[in-house]
Every structure is written in structure tokens, then in C-alpha cells.
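Work through the exercises below with the structure open beside you. Try each task before reading its solution.

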Amino acid sequence: MLKLNKRDTLLFVIVTAMVLLAPFLLNPFPQGSSMAQMFNAGYPDLMQRFVIFGILVIGFNILFGLTGYLSFGHAAFLGIGSYAAVWMFKLLSMNIIPALILSMIVAGIFSLVIGYVSLRRSGIYFSILTLAFAQMSYNLAYSVLGNPSSSYNLTNGETGLQLALNDPRILDGAAAANGALPVTKLFGLAMRDSYNLNVGGWLFTFNVGYYVAGILMLISFYISIRIFRSPFGMMLRAVKSNQQRMNYTGLNTKPYTLAAFVISGMYAGLAGGLLSSMDPLAGAERMHWTASGEIVIMAILGGVGTLIGPIVGAGFNEYFKNILSKINDGVLHQWLSFLPDGLENFIVGILHYFVGKGWHLTLGLLFMMVIIFLPGGLVEGGQRLAKMFKRKKTDDGSDSNNTPAE
Amino acid sequence: MGILEVKNVGKRFGGLQALGDVNLSVAENSVHAIIGPNGAGKSTLLNCLVGKLIPDTGSVMFDGQSVLGRKPFEINQMGISRVFQTPEIFGELSVLENMLIPCFAKRDGAFHLSAFKNMLDDKEIIDRAQHMLEEMKMADKHSMNAASLSRGDKRRLEIGMCLSQEPRLLLLDEPTAGMARADTNNTIDLLKQISDERDITIAIIEHDMHVVFSLAERITVLAQGTPLVEDTPDNIKGHPKVREAYLGETQDAA
């Protein structure tokens, strides 16, 4: 099916099912229960983040996973894509299609230039160069090109680029006539529209923006599978494995790595454009180096160089970020109320630093544990589990549907 | 006129004159060995041939075209393949994939963006790679990780990868260095077979006299960056200058 082999088809079907059914899968607890408040993730904003960051990391994995070039500046392309999309909403139309196309083109051009220069070096020097470019972009966006009083205010600095009632919006200018800001849409479908389904105590939300982003993620994922299985993908893995042999086999490594860089930059641009499509506000903080670091963390968390890893990593990171930051002392007391008072206070006092505003600490510890015990990321954990079960059931030799090898 | 013509090549590293004034002519379809004691400039010379180093003086012509100033991948596309001292293969890739890469490089050139083709649908390339693996007697190992091959198999794979490109000149840099005797003999047989069966020129740099005298038709002796003599193996064996400069210093002479 779809020109994929059996295993990849299975993987793709599973991911498709999970994306389409996410509103059910992510809301396992009835609406209003305390568990739902904490662990349900099936609301539009978070689900959109799952798939958008999925796209971002899928693209990053094409560069980092296949060629081994660790870019530390991919957030720049995410930010550039966001700005490009908002400009499209301001100038042309609230339809997201031209916005997404422009985000990919602009991010592609930036990644072509940045990649061309950065790829002159490899290893840590490459990472430093991309980091430097990303920080330059961040500072340009934050101050130089964002001065509201100057005539070339491209990014609106600290406040962030946002829609205004007097924007030209050539194609659908009249839409704002009722005095409210127009909303982003795909032809007739507004991104923020949702359909709510009440079943028993459960509430499931089907959000237009989520499904648009989700389908784009599936397309991105499909393209990434095709790239992994193509001669081009093999060449990229060869770059990671032995550049010397490549050069002496008559292959020019530079255009291969540059192509991978631009493709992953365009993925990041698409993700940025989608972020703006869901909420038409683009800020410079999206380009900050910590954002670039988060992309690297998501990729490693999931499993570098695997097909499904980026999606798992992005989902894991966003999910835990979300629930950990929601837990506060009150919740902890409630959970631990079965303990004697003194002990309860003591434990809550310790856990206090790991939840709420301290969520970084927990996520950092989880990241360390994954690195130490599962160097291949969460996907490796899954593979180990699958192997354990397989050994018990049959002695079918084939293992894991996630390895890039054929 | 040989397929490879090296004229007045000199290379200096700071104060060290690595190559003085090297003239060398490798005849087409011959096996030509370059020997010499440590530091004689053998590897420097080889690196000048494949584009890794650019000589300070002189010219290197391959089949009537200068190779100087060209990048390694361009020189390879001209028809020169190189086998390294320690096998350079794609360790993380499967043996079959290792063989596919040079086949793609031969057919599609230095860069080809085919991101949406399925590699395994390319029958022409797959057949070619599998054929080559059979020739190298490695067909049964096609799905193994190349890094997990034995040293001798890695060497065979590397030679096979070079041959799959149908090069006109095969450069070997001490192909049996660090090998057990049995593996060395296998490699000698393989190289003999290659040179007998194919229209290919082989230039080999080697320390092991056993290898050199079993393979080479011509031998150039390099000492301190300049060629001492160039002759047939029989004449080299008895040559007084060679004994003095090279063979006399090692146990291999006996």
C-alpha cells in the first residue's frame, strides 16, 4: 500500500489511527473528575502541539537522525515560519494555505543560506555555527527588525507579531468588518472551531485545527518514510557512517547534507506556520536557543534515526511538560493524604521542587534516565519490550518495525 | 605512455621534503607495486594521486587528463578507486547497502536527488550489487551489518565496492597490513584473479615483500621521496641499490 513495505505500512496505519482517534485516546477519564483535570490531554491546544512538534521533530530527524549533523539552531526556522505565516495573514488572506506555503519557502531559503555556510564544518563546529545563526536570528527578530517605531518593523519585537484590524488582507479584507479580528481558516473551516461529543461522562473534542495539523503531520510522516527508504536516505546514512568512503566512492557529500538540511528546515517552517495558523501570534521566544535545545531533546528522547521516534519524543515531551506543570502542592497533598501528616508534608516538601514551575527538573531527570538506560530513546524501550514478548510467543526472527534498515 | 603518468612531483611539509622529484609511469592493465622503507613517501604519493594532497610541483595525468586540483570524488568519477590501509566501509549499513552505494554513484553520478524512489525497486542496481557480492563470495552475508564482518571480509567488501564501479585504475594502500597469513594469501589470490579477469590497472603500495613479489609486474622502489629504481620483480630482487636502501634493512629480504 502507498508504495511502502509491509512493516512501514503497518507503522503508518497505526500512526494514522492514533492521530485520527487522539481525541478519544487522550481523554481516558470522564470529564470533571480529578484524574481528567490532571491526565486528560485531549483538548485542542495540547493536541495541536503534539502533532505540530511531531512535524518539527520528524524533519529534524531527517537531518540529525540520518546524517548525524546535530543542528542546534532549528528553532530559528520554526520562528521564521511563524513570522512568515502571520505576515501572510496580515497581507493576503486568513486562509492558512498561502501562509503555510510561504512559511515553508522562507524557512527553506533561510536554511539554504545557513546550511550552506554551516555545513562547511562538521561535528561540534557545525552545531556551534547553527547555534550562532539561530541566536543571530533571534536577536534580529527580538530587537533589530522588531522596533515598532522604525519603518522596517518586521517582527514587532518583544510584543510579537500579531493581527490588527487595519491590516490590508488583500483577498478578504472585508471579513473584519464586524469589528473583531478575523480568524484563521481553511476555506470555510475556522481553525478554532470544534465539535464536542458527549458520551456518558466523557467529553471528546474534535478540533478543526488539530485535524488539519494532524493530517499534515501524517503527510510529513509519510514523506519521511519514503525518504528513509530511498537511495537518497541511504546516502544520508552513509554520510553519517563514513564520509571518507563516500568521497572516495565518487559521491559529493555536500549537496546531500545540504539537501537534508533544507528539507528539515522546511519541515520546521511548516511547523512554525502551523503554530501561527492555530494562534496567529508569532514571538521571538520561539527562536530562542532553549527552543532549539528542546527540539534536540525531543529527538533524542524518542529515538534518533528511527521513523516513529520523533513523534514519540515530541508527544512525550509535550505531555509531561503539560501535566507536570499542572501539578501543585494542593494536588500532591490530595494524592498523599493517606500518609501520616508529618510524612505527607515532608514528601510534598520534596516533590514541590519537581512539579509545577519545577517541571524542568523532572523532565531533565527523565531525559537522563532515557539517555543512560535507553540510548536508543523510548523507541528502543518499545523494541526491548516487543522482543521480550516475542521471545515468549514465537521465535520469529524479524525484530522491530522501527529500524531504518531495509 | 601509461594510463597514469606522474611527472616531477614534489611535496614539502614544512621542513620535510616528503617527495623530491617523482617520475612514475603505470602501464595500462598492469600490476605496478610501489615499495620503500618507512617514510619513503609512498602514502604521500598515493594521496597526491587521489586528490587528498596537492603536490607543490609537477603533474599527475590520468588517461591524458590532469587530476591536480580535483576533489577526491571527482577523481573517483574519472575512474580511480582507492582501497585503504584499514578497510573504509559503511560500518552501520548492511553489506548489501555498502555495495549499493558505489553502484548508485557509478550510474547516477556524484549527486542525485532521488528521495521518493524506493531503493529496493531499483532492480538494475540491486542486481548489480548482488552480482558483485556473489563474485566476492559474500552473498550470504548481505543483510549483516558491515561493521560486524571479519577483517578479511571487510577487505573483500571494500575491494568489491571499488570494483563495482568498474574503475580503470585501482589503488591499494597496503591491502594486507595487519592481516593473518591466510587472509593475506586470500587477498593475493583475489587480486590476482581481478587483474587476470578484468581490464584493470592495479597500483599497489605494500610493505609485505611476499605480496609484492607474488603480484607485481613492475616495481618502483621509493626511498627518501625519490624513486630509486623501476624494474621487474626479478631484477629488483637482485638490485644492489635496492638491497642497500631497503631490503638490506629488513628481515623480509631473506
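A residue is buried if 20 or more other C-beta atoms lie within 10 Å of its own, exposed if 12 or fewer, and partly exposed in between; the C-beta atoms are placed from the backbone. The model is predicted: local features need pLDDT of at least 70, side-chain atom pairs count only at pLDDT 80 or more, and totals for chains, interfaces and linings use all residues. Residues are numbered from 1 along each chain as its sequence is written, while chains are lettered from A and ligands numbered from 1 in the order in which they are written.

**Exercise 1. Two loop residues**

Task: Find where A:N156 lies, and decide whether it is buried or exposed.

Solution. 
- Step 1: Locate it. A:N156 sits in the loop between α6 (123–142) and β1 (161–162) of chain A. Helices (H or I, at least four residues) and strands (E, at least two) are DSSP runs, numbered from the N terminus.
- Step 2: Count neighbours. A:N156 has 21 C-beta neighbours inside 10 Å, so it counts as buried.
- Step 3: Check the backbone. The phi of A:N156 is near 55°, a positive value in a residue other than glycine.

Task: Which loop holds it?

Solution. 
- Step 1: B:D63 lies between β4 (57–62) and β5 (65–66) of chain B.
- Step 2: With 17 other C-beta atoms within 10 Å, B:D63 is partly exposed.
- Step 3: B:D63 is not a glycine, yet its phi is positive, about 55°.

**Exercise 2. Helix α3 of chain A**

Task: Compare the span of α3(A) with its expected span, then look for a bend.

Solution. 
- Step 1: α3(A) has 24 residues and reaches 34 Å from its first C-alpha to its last, close to the 34 Å expected at 1.5 Å a residue. The expected span is 1.5 Å times one less than the number of residues.
- Step 2: α3(A) bends by about 35° at A:N61. A bend is the angle between axes fitted to the seven residues ending at a residue and the seven starting there.
- Step 3: Of the 24 residues of α3(A), 22 are buried, so the helix is largely enclosed by the rest of the structure.
- Step 4: Look just past the end of α3(A). There A:G68 takes a positive phi of about 80°.

**Exercise 3. A helix crossing**

Task: At roughly what angle do α3(A) and α11(A) cross?

Solution. 
- Step 1: The axes of α3 (residues 44–67) and α11 (residues 289–302) of chain A come within 9 Å and cross at roughly 80°. Axes are lines fitted to C-alpha atoms, for helices over the stretch in contact, and angles run from 0 to 180 degrees between N-to-C directions.
- Step 2: α3(A) and α11(A) are therefore roughly perpendicular. Angles of 65 to 115 degrees count as roughly perpendicular, under 35 as roughly parallel, over 145 as roughly antiparallel and the rest as oblique.
- Step 3: List the partners. From α3(A), A:F53, A:L56, A:V57, A:F60, A:N61 and A:F64 meet A:I295, A:M298, A:A299 and A:G302 of α11(A). Residues are in contact if their C-beta atoms, placed from the backbone, lie within 7 Å.
- Step 4: Sort them. This contact has eight nonpolar residues, two polar and no charged. Ala, Val, Leu, Ile, Met, Phe, Trp, Tyr, Cys and Pro count as nonpolar, Asp, Glu, Lys and Arg as charged, and the others, Gly among them, as polar.

**Exercise 4. Around A:M287**

Task: Which residues touch A:M287, leaving aside neighbours within four places in sequence?

Solution. 
- Step 1: A:M287 lies in the loop between β6 (281–282) and α11 of chain A.
- Step 2: It counts as buried, with 30 C-beta neighbours inside 10 Å.
- Step 3: A:M287 is in contact with A:A75, A:A76, A:G79, A:A134, A:S137, A:Y138 and A:A141.
- Step 4: Buried residues of α6(A) include A:A134, A:S137, A:Y138 and A:A141. The buried residues of α6(A) pack against α4 (74–91), α5 (96–118) and α11 of chain A.

**Exercise 5. Where the chains meet**

Task: How many residues does each chain give to the contact?

Solution. 
- Step 1: Chain A gives 26 residues and chain B gives 31 residues.
- Step 2: α8(A) supplies the largest share of the chain A side, seven residues.
- Step 3: Zoom in on B:R82, in strand β6 of chain B. B:R82 touches A:Y248, B:V50 and B:L171, not counting residues up to four places away in sequence.

Terms used. Two residues are in contact if their C-beta atoms, placed from the backbone, lie within 7 Å.
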